[in-house]
Amino acid sequence: MSRLAKPLERADEAIAVERFAVAYRTEFGLVPAVSNVSFALKRSERLAVVGESGSGKTTLAMAIAGLLPHETAQVDYGVARVAGRPVDMSASRSVIPVRHEGVSMIFQDAMTSLDPVATIAHQFRSVLGKRGVRRSEIRAESIEWIEKVGIPNPERVLKLHPYELSGGMRQRVMIALAMCSKPAVLIADEPTSALDIVVSRRIMDLVLSLAVELGTAVIVITHDIDLARKYTDRMLVLYNGEVQDLCSTDSVTSAERSPYTRALLDCVPRLQDYDKEFLPTLARSIERAAS
Ligand SMILES: Nc1ncnc2c1ncn2[C@@H]1O[C@H](COP(=O)(O)OP(=O)(O)O)[C@@H](O)[C@H]1O
Ligand SMILES: [Mg+2]
């Protein structure tokens with residue numbers, strides 16, 4: 001078999017993980033936060049990971065992206081491939097976590113992902129440099145990416161530090177930096193939770209149009225069920241670190257879904273609920289769905 005055979009066979013696969021589990025190291029020993037998660041995504045496919053706060057969404061994302069250091073967490077899995085190639089996803093032993101190749105991540109707060117002491121030009125240089133872009137071409141490509149995310153006057157922006165940008169511009173720069181590595185997978189952790197609905201949908205449209213252009217698979221972590229239904233092909237529902245459902249987004253309302261998933265959908269407030277004194281809560285809905 002030729003050395004190339006394997007990646008080519010899986011040319012369409014962006015990511016595959018099987019029996020993926022994460023446990024935090026605490027003073028009480030290992031505490032599981034995510035167990036037995038398996039899924040695979042093709043290029044350009046979109047998965048929503050939904051679940052209430054504390055269900056393990058961020059833990060899953062950070063572990064897949066390679067951002068959980070070994071001293072914090074233990075990562076176990078049966079299979080882990082990105083762009084068809086095996087990736088070592090066991091937690092990194094280096095002091096500064098090293099992002100897994102082919103996986104990019106964006107956060108709700110752009111300040112967490114941008115280096116506060118480096119200029120925007122410097123941050124592009126390090127990502128594009130790693131991708132192998134020639135030094136002579138880095139500036140032009142940085143400008144192109146800044147334009148792509150709709151920021152005017154890119155030459156000026158390159159000279160600035162993150163704190164000199166408005167919140168909205170910072171978020172766009174973060175998206176450009178995440179996408180310019182041409183990742184196989186982009187993980188967006190609650191990317192729009194802090195934004196109003198109009199800006200939030202505009203940012204999602206931007207992220208997804210870049211993802212379509214590059215063939216990047218997108219994992220959107222959100223507790224916004226409506227956003228998940230509008231923008232994704234499949235949904236993975238987590239509760240207590242365990243998968244409750246993995247289904248096509250269209251079929252999430254089907255009666256076959258787990259009681260937890262039905263309860264989660266049930267407590268999304270609707271416009272017609274405006275005159276209700278009490279909105280449904282997750283606990284009540286679970287009780288009702290299970291009975
Ligand atoms: N560094 C950590 N050490 C120990 N436990 C943690 C750590 N980070 C998160 N957890 C716990 O892991 C569980 C999942 O958290 P998280 O992944 O942040 O959930 P979500 O993103 O769905 O709100 C929670 O019980 C949380 O308290
Ligand atoms: Mg979270």
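**Helix packing and salt bridges in a predicted model**

Modeller: Glu141 has a relative accessible area of 16%, so Glu141 is buried. This is a predicted model.

Biologist: Which residue forms a salt bridge with Glu141?

Modeller: Glu141 lies in helix H5 (residues 135–148) and its partner in helix H4, so the pair ties together parts that are ten residues apart in sequence. The closest N and O atoms are 2.8 Å apart, and the partner is Arg131.

Biologist: Is Glu213 buried or exposed?

Modeller: Glu213 forms a salt bridge with Lys148, with the closest N and O atoms 2.5 Å apart. That pair links distant parts of the chain, Lys148 in helix H5 and Glu213 in helix H8 (residues 197–214), 65 residues apart. Lys148 is partly exposed at 32%. The cut-off for exposed is over 50%. Glu213 has 51% relative accessibility, so Glu213 counts as exposed.

Biologist: Are H4 and H7 roughly parallel or roughly antiparallel?

Modeller: Helix H4 (residues 120–131) and helix H7 (residues 167–179) pack with axes 9 Å apart, at an angle of about 20 degrees. Angles under 35 degrees count as roughly parallel. H4 and H7 are therefore roughly parallel.

Biologist: How many nonpolar residues has the contact of H4 with H7?

Modeller: From H4 come Ile120, Gln123, Phe124 and Val127, which meet Val173, Ala176 and Leu177 in H7. By class, the contact has no charged residues, one polar and, for nonpolar, six.

Definitions and conventions: Residues numbered from 1 in each chain as written. Chains lettered and ligands numbered in written order. Predicted model: local features only at pLDDT ≥ 70, side-chain atom pairs only at ≥ 80, totals over all residues. Heavy atoms only, no water. Axes fitted to C-alpha atoms, helices over the stretch in contact; angles between N-to-C directions. Helix = DSSP H or I, 4+ residues; strand = E, 2+ residues; numbered from the N terminus. Parallel < 35°, antiparallel > 145°, perpendicular 65-115°, else oblique. Contact = heavy atoms within 4.5 Å. Nonpolar A, V, L, I, M, F, W, Y, C, P; charged D, E, K, R; others polar. Salt bridge = Lys/Arg side-chain N within 4 Å of Asp/Glu carboxyl O. Buried < 20%, exposed > 50% of the residue type's maximum accessible area, 1.4 Å probe, protein only.
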